[in-house]
Every structure is written in C-alpha cells, then in structure tokens.
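Okay, thanks for having me, everyone.

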Amino acid sequence: MDMTDNRGGLGGGRMNWLKRNKRWLLIALVLVVCGGGTWLYLGQREASGSSKDTELTAKVTKGTIKSSVSGTSQLQPVETKTIQAPQEAVIEKINLTKNMDVKEGDVLVVLTSATLNNNMSKAQATLATLKAELDDIADQMNSLQTVSPINGVITLASGLDAGVELNRKAKIGTVSDNTKLVVTLPFLMEDAQQFHEGDSVELTIDSFMMTKSGKVTSIGKDPKPDLKGNRLLDVEITVENDATMDAGLKVTGKVATSTGTAESKKEGTLAYSQTVNILAGVSGTIEQLNVKSGDYVQAGQLIAVIANPSINNDYLNKKTSYDQQQLSIDTLQEQLDALTIKAPFDGVFSTDFVNQRFNVLTSLVPGTKVTSATQFGGVASMKTMTLGIQVDELDLPNIKTGMSVNVSVDSVKNKTFKGEVTQVSTVGTTTNGVTYYDVVVTVSNPDGLKYGMTATGEILIQNKENILMIPLEALQTRAGKYYVKIKNDDGTYEEQHEVKIGIRSKTNVEITEGVTEGQTVVIPIQTKTQTMSSSDVQRLREQFQQGGQNGQMPGGGQFDPAMMQQFQQGGGGGGTRGGGGSAGTGGGQR
C-alpha cells in the first residue's frame, strides 16, 4: 500500500506522486498557457472588434452651457451686535424679552452707577475751578495793555512812571467824565416834595458872578433835621459843563414851585458825574506810560503797557489742565450715556445669540448688580445676509467680486434671491489633497430669510448659447492637448482627433475648433480586471510543486479555484483592459 511507497524515501514518494498526477499537471499547464494566450488575444480584440458591439457614441450638437460654481452653508447677518453691560452697574430698567423686534434707538436697558455719578460731580467741580482760574489769567493778560474805560480827564497815581513795579491791585489812576457835573443840595422837605425829576434848577457859583441851569435828577426819601429844627431832603442836580466849570466849585440852587421859589439851605460842591479807578489788574513792570495827569483821554485809549514774562506760560499750563479735565468729563459722560443701552439698528433681539440653552433674562431684573460685559443677548440686522461658500482652487481664477449669485433657500420654496460676490479669500484650506477657498456672497433680504437658514449659492461664471458641444466623457487629454475619437460615416475611426475647448459644465464641454455639428464621437469604455499580486503567483507555483499540501485534487492535489481562474485569465498581472494595463508575471506593459 501507500506505506511501502512512503518508505522508499522522500524522493521516491515525490516520484510516485508525479506519476499519479502527471495527467493533471499537463492539463493545468495547458490551461495556464491557453489562459494567458486567450487574455492577450481578448485584450487586443477589445481595442478593435469587440468595441463595435459595446461602444457608446454621441453627436456634436449645438446648445447652451452655463458655467457656474455652487456651495451650501448657513446664512449669517452682516450686522450683529452683542448687548452687554459696559461696566459694573445696577439694572434700573429693562425692556427686553427673549425674542423681539427692535428699532434703532429703542431703549433696551437702563443701568445706574453710583461710582460714576460721584466721579462726575467731582470732575465738574474741578473743571469749574480751573475755568475761573483760566478766566482770571486771561483777564490779567488783557490788563497788560491798560486802556481808559471812559472819556474824561485822567489823574495818575502818585509816583507812577515807566519801570515801576506793580502788583495786580495797584492803582494806576482815575478817569473823570467832566462833560457833566453833579451836586447835592438840601431843601426844606415841604419844598422838595413839590419837585419832580427834570425840573430846572438855577445854580449860583460861589465867588463867580454867574449862574448855570441844571436839572433835578433825583429826590431823597429820608429827611434830615438841621440846627433850626427844620426837616431837609437832599436833591441831586446835574449840570452840563460848558468848560467854564470844574469839580470842587461851591454852588447854591433855586427851584421855582407853585407857591414861590425854593432855595437850598446849604451850598454844595460840584463833582464829576462819573469817576472810574484804573487798576493794574496784573503784576509786572510798567514798560510804557503814554499819558500824564490832567490829560483828556478817550474810552479805549492806551494808557500804559505792563510787562510780565511768565504770564503766557501760566495761561498755557492752566489751559492744558482745563482741557485735560474737560476730556475726563467727556469720557465720564460717555460712560454715563453708555449706561442707557439702545438698539444699534433695526433688527431682531434674541438671547439665543449669547446662550441657546438658557434664557439669560430670567436672572436680569431691575435692582440686579451686573459686572462689566454681562450679556443680555444680541441684535442682528436682517436687511443684508451673507453666505460663505467654499470653491475649488481650479474654479478660483474665474470668480471675481461683483459677480451675480442665485441663492436658493431650502425652507423657502420656488423662490430665488439675488446675491453678489463681495469677498474672495486669498488663503486656502487643504482637505484630502484638495485646496478650497472661501467666497462670501452678500444677499439682500427683502423678506423671508432668517439667521441660520441653509442656503445654496450658485455663482454664474459664464453662459454661452448656440455653441458646439460634446459630452464631457468623450474628451480625452494627453500632454496638455485635447482629443476625441471620431467615427466617420463609413464606419472607420480617427483615434486621436485634436480639438480645442472652451467652457465646460458638469456634463458637457464646448468645442471651439476641430469638429462640426453632426459629427459622431466615441465615448471610451474602460473595463478593469482584478490584479493578482506576485505573492499570489508564487503561492500558486508552490501548490503546483508541492501538490497535496492543502488537500487532494483528483489524483492527489488541490488548487485555490479563485487563484486558478485568475491565473488562467491573465497570468497574474491584470490592469486596465482595452488598450491599457499591465501584462501578467513575466509579461510587462502592453
């Protein structure tokens, strides 16, 4: 039995095995050779004869190609603003609900801050002090040039001359208006009570044999007794100076009444009607003195010039302090104004903009103390929305700002919104070896669009009508050139017919040169076979040599059926059939 054959040694057993399976080995080798030959034959036949049974063709036609790029994302408002506390404060009033429409300027929240109010009061008091000091320095600067306040005769202070040092309260002199003189005369009360303002008074100048006519300007109310027990009233009288009188002259007066003539009981002294003191108003040195005592001066006439080298710097320093304090008050006022939070524009307020899980307003009620940046919600303008879409790097050169975009929204059926490309990114993002660039589309929102809606934007790049076109699958490219396979009317083929192309869509491509309308082009069909690795081929060889290791085929051995079928089909190499692909083991590229 088999035990006898086995004792013959390994060489004897193998020889017996070969004898028993010789017929099957010959059949296997024939199948391998025939399979490889059949594969070579079929591969060549597919490139010619068999294509007639399975080829797809298409006509060169005229039509329209619309070139566009599209993308889908969520709509976002262009303008959004978070409503939040500008600083630590206490809620005084709140006019918000979870979701509500707002108009620009609507008061949303009123806050109050005791600290800010106190700081403002102190700042305003400091500003008032600085303002008074600044005005005082300005007055001193104006006093550097001393002028006469009125028309009249000037009388300079004793010892006043150029080079004299003055303090700001020093008296420079007086100016007296000598165009009018006044005198006060006492009359009996019963006579004075008959006088009226404007009554004529005859004045007699003592030591001068002349009289002047004056007028009553006022009558006293309080009687005064004299040594004889009479009750007297003082009467003020004004007289125009005709240059024959001067202050210091003694006069008496008479007034005609309904009962006779009333005479003053005492004489009075003429005085100037107006006398004004001129003070230095600024400390310094008299640099220039333009008048002398007794000169008649006009109102505004320059009397003296006073030098003070430091006063300009004093003014500038004080002005700087004042301006800085004013800026501080302006800043405080802005902070106080900011405590009244208003809607920045027309739109929609919602707490969801800051917290989608919790209504933050439930804990924000009047009297609540809030910290800086405490968020109440957000306001979004629905007037204009943006849609960010990603485009392939190959499409990027064709996209420019200003291009029209058709925007469709999933939840708004049968309506297209008009948009425009407003921004094209120059920085790309690479995903799985493909680089994408962000394009921002701005969409007008007359009605219907809401924050977060899913929308698709189609950017129209080109739209060509009545052009020659073929299916995109019929176009072949090689070495930067484009080709089609032409099927002539007589059934013959032109394998590589060069053409030039224009724009393309997802299904068709424009042919600008190389074909005419009505010609037939062939759409290539590619068939692939399974590729058998070199390790699989080696394992199959070992099965031939060892036989019986993995079971028994008829007569003593077994092969992997799938491997055997593949080996018969192409010798193990495989690849793309129909003119491409690799040959089997030992073959090479066809």
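**Strands, charged pairs and a pocket**

So, let's start with a sheet: four strands in an open arrangement, in the order β7-β21-β19-β9, with antiparallel pairing. At the edges sit β7 (145-147) and β9 (165-166), each of which pairs on one side only. And before I go on, a caveat: this is a predicted model.

β7 runs antiparallel to β21, residues 302-307, and three bridges join the two. As a reminder, strands of a sheet pair through backbone hydrogen bonds, either parallel or antiparallel.

Next, have a look at β6. Which strands does β6 pair with? One is β4: residues 89-94 of β4 and residues 107-112 of β6 pair in the antiparallel sense, over four bridges. Another is β22, residues 340-342, again antiparallel to β6, over three bridges.

Now the charged pairs. Side chains of opposite charge can pair when their charged atoms come close. How many salt bridges are there? The count comes to 15. I'll take you through three of them.

First on my list, Glu 240 and Lys 180: their side chains meet in a salt bridge, at 3.9 Å from N to O. Glu 240 belongs to β14 (residues 231-240) and Lys 180 to β10 (residues 171-188), so this pair ties together parts that are 60 residues apart in sequence. Are these two buried or exposed? Glu 240 has 52% relative accessibility, so it counts as exposed. Lys 180, at 36%, counts as partly exposed.

Strand β14 turns up again in the next one. Lys 224 and Asp 234 form a salt bridge at 3.2 Å, N to O. Lys 224 is in β13 (residues 224-225) and Asp 234 is in β14, so the parts being tied together are 10 residues apart in sequence. Both ends are partly exposed: Lys 224 has a relative accessible area of 48%, and Asp 234 has 27%.

Then there's Lys 464 with Glu 510, where the closest N and O atoms are 3.3 Å apart. Lys 464 counts as partly exposed at 30% relative accessibility. Why does Glu 510 count as buried? Because its relative accessibility is 6%, and the cut-off for buried is under 20%.

Last stop, the second largest pocket, which holds about 460 Å³ of space. Its lining is made of 16 residues, and the ones nearest the centre are Ser 67, Ser 68, Asp 395, Asn 398 and Arg 504. Which elements give two or more residues to that lining? They are β2 (61-77), β31 (454-471) and β34 (493-504). The largest share, five residues, comes from β2.

Note on methods:
Residues are numbered from 1 along each chain as its sequence is written. This is a predicted model: local features need pLDDT of at least 70, side-chain atom pairs count only at pLDDT 80 or more; totals for chains, interfaces and linings use all residues. Side-chain values use heavy atoms; hydrogens and water are left out. On a 1 Å grid over the protein atoms alone, a cavity is a set of points where a 1.4 Å probe fits but cannot get out, and a pocket is an open set with protein on both sides within 12 Å along at least five of seven lines; lining residues have an atom within 4 Å of a point. Grid points are joined across faces, edges and corners, and a volume is the space filled by probe spheres set on the points. Two strands pair if DSSP finds at least two bridges between them. A salt bridge is a side-chain nitrogen of Lys or Arg within 4 Å of a carboxyl oxygen of Asp or Glu. Buried means under 20% relative accessible area, exposed over 50%, partly exposed in between (1.4 Å probe, protein chains only).
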